[in-house]
Amino acid sequence: MSTPENLAHIGVVGLAVMGSNLARNFAHKGHTVAVYNRSPEKTRALMAAHGDEGAFLPSETIEDFVASLERPRKAIIMVQAGPATDAVIEQLAEAMEEGDIIIDGGNALFTDTIRREQEMAARGRHFVGAGISGGEEGALTGPSIMPGGPTESWETLGPLLESVAAVVDGTPCVTHIGPDGAGHFVKMVHNGIEYADMQVIGEAYQLLRYAAGLTPAEISEVFREWNAGELNSYLIEITAEVLAQVDAETGQPLIDVIVDAAGQKGTGRWTVKAALDLGIPVTGIGEAVFARALSSSLEQRRAAQGVLPSGELATFDGDRDAFIEDVRRALYASKFVAYAQGFDEIQAGSEEYGWNIDPRDLATIWRGGCIIRAKFLNRIVEAYDANPELPSLLLDGYFLGELSGLIDSWRRVIITATSLGLPVPVFASSLSYYDSLRAERLPAAVIQGQRDFFGAHTYGRVDKPGAFHTLWSGDRTEVQTS
Ligand code: ATR
């Protein structure tokens, strides 16, 4: 049991890699950190390996752990999402007192966070669902943190979280996102955008490799060059590293020995499900999630390979350097769409749940620490600075200016990919989204006609207000229904 003068500023429950690294990060920043894990071996292992890095208070029971925290107690849960998180919340809530703060730092589904916050509030406990991005390295050296929950908790927690978050241009990559599930919602969409961002990089690789015929090492160089410009980002940087890697066992590029079946843990899927419920088209993210699913349908792919006819395929005979530049531009434009759609989803979620999220804040705290950190996020901050009510990110002056320089390349790349039989689901669907947004007429008029024909669902007219129905099985005159 700790003495009163030797209490911890914060505690971490769950000492797998993310939890251990976050605890060490707090300790490195001068905080006394209480640590607890269900199996005490992990706690002992953390102490043995890193106990000398700062002030830790290890406990082997949840009661001792809670007793080692200064009031109001603040404990961050870093265990698996789902039932494990519920179990730990219950144990903490039991052992804690009025006004204490339980923080869930895992990737919880935001609706679970809303529920948990209500349950905890009813018991006088504060509950904060906090998205933490940056992987293992970020947790240790400075993640991007997206806390939701009550404003009151943020006032207590803010300085602690600011001290461990990544810092860009003097600004810590953490801010209070909004009440209850806002933090986990935003982290979910962040991950969805990450899926799209990763997939567009994959599609660019595919085109450079199988259209332009570059080797992985050459593509690595191209990505290094891209990383020096507007596309500068963590994901481009690490892709260059992956492509440069040679497999020690075979001497082949590592990329060629990695099975091309992408895994997923679920946050991309959640982003799309939530978008469907909100009625927001996140086509780039959706295609990225489906592309992973398709890649993992190994049996179906094997059955189709060499069986589905390709039709007559072109061979690439264009200028290689010009094509590389076209691909760079197509990637950048597709990335605009993914972010624009992700921010649309966040705004729709914010309105639906009354979170009052400021999109500018998000772009600011995503500039460092997290997986999608990129130079480009500064452009998003500027866009919302210039107009907080932007109807779409694509309509901001910077994006409009860029798009007029990207659009021809974007179209050319998709034409080339299609004529060569190379799949580009996010590049192509993003362009369709873009062309849909700018179209004066959409085929939705046909859908409305069909709906009225088979279900009398009525349609609006372009020339007068009201709802109308054509008597399709009668004399086909039109009646006004409202
Ligand atoms: P990783 O994937 O890095 O292993 P994780 O699966 O997100 O991390 O989380 C694993 C952590 O959740 C571990 O600390 C685990 O505790 P044990 O070491 O005792 O297995 C913890 N955990 C899982 N289920 C739990 C539960 N029901 N109660 C408490 N902790 C639990």
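Analyst: The following account begins with the ligand and then moves to particular residues of the chain.

The model is a predicted one. In it, the ligand sits in the second largest pocket. The residues around the ligand are Gly 14, Leu 15, Ala 16, Asn 37, Arg 38, Ser 39, Lys 42, Val 79, Gln 80, Ala 84 and Val 88.

In the case of Ser 39, an N or O atom of the side chain is 2.3 Å from an oxygen atom of the ligand. For Asn 37, a polar side-chain atom lies 2.6 Å from an oxygen atom of the ligand. The side chain of Gln 80 also takes part, with an N or O atom 3.0 Å from an oxygen atom of the ligand. As for the cover that the ligand receives, its accessible area on its own is 640 Å², and the protein covers 70% of this area.

The backbone may be considered next. Pro 72 belongs to the loop between α3 (62–67) and β4 (74–77).

Two aspartates have a positive phi. For Asp 169, phi is near 50°, and this residue lies in the loop between β8 (167–168) and β9 (171–172). Asp 169 has a relative accessible area of 67%, which is over 50%, and therefore counts as exposed. For Asp 180, phi is near 25°, and its place is in the loop between β9 and α8 (182–210). Asp 180 has a relative accessible area of 18%, which is under 20%, so Asp 180 is buried.

A further aspartate, Asp 104, is found in a strand, namely β5 (residues 101–104). Asp 104 counts as buried because its relative accessibility is 1%, under the 20% limit. Along the chain, Asp 104 and Val 12 are 92 residues apart, while their C-alpha atoms are separated by 10.0 Å.

To return to the part requested, the ligand sits in the second largest pocket, where Asn 37, Ser 39 and Gln 80 are among the residues around the ligand.

Definitions and conventions. Residues are numbered from 1 along each chain as its sequence is written. This is a predicted model: local features need pLDDT of at least 70, side-chain atom pairs count only at pLDDT 80 or more; totals for chains, interfaces and linings use all residues. Side-chain values use heavy atoms; hydrogens and water are left out. A residue is near a molecule or strand if one of its heavy atoms lies within 4 Å of it. A polar contact is a pair of N or O atoms within 3.5 Å; within protein, one must be able to donate a hydrogen and the other to accept it, and residues adjacent in sequence count only if both atoms are side-chain atoms. Accessible areas come from the Shrake-Rupley method with a 1.4 Å probe; for residues, only the protein chains shown count as cover. On a 1 Å grid over the protein atoms alone, a cavity is a set of points where a 1.4 Å probe fits but cannot get out, and a pocket is an open set with protein on both sides within 12 Å along at least five of seven lines; lining residues have an atom within 4 Å of a point. A molecule sits in a cavity or pocket if more than half of its atoms lie within 2 Å of its grid points. Helices (H or I, at least four residues) and strands (E, at least two) are DSSP runs, numbered from the N terminus. Buried means under 20% relative accessible area, exposed over 50%, partly exposed in between (1.4 Å probe, protein chains only).
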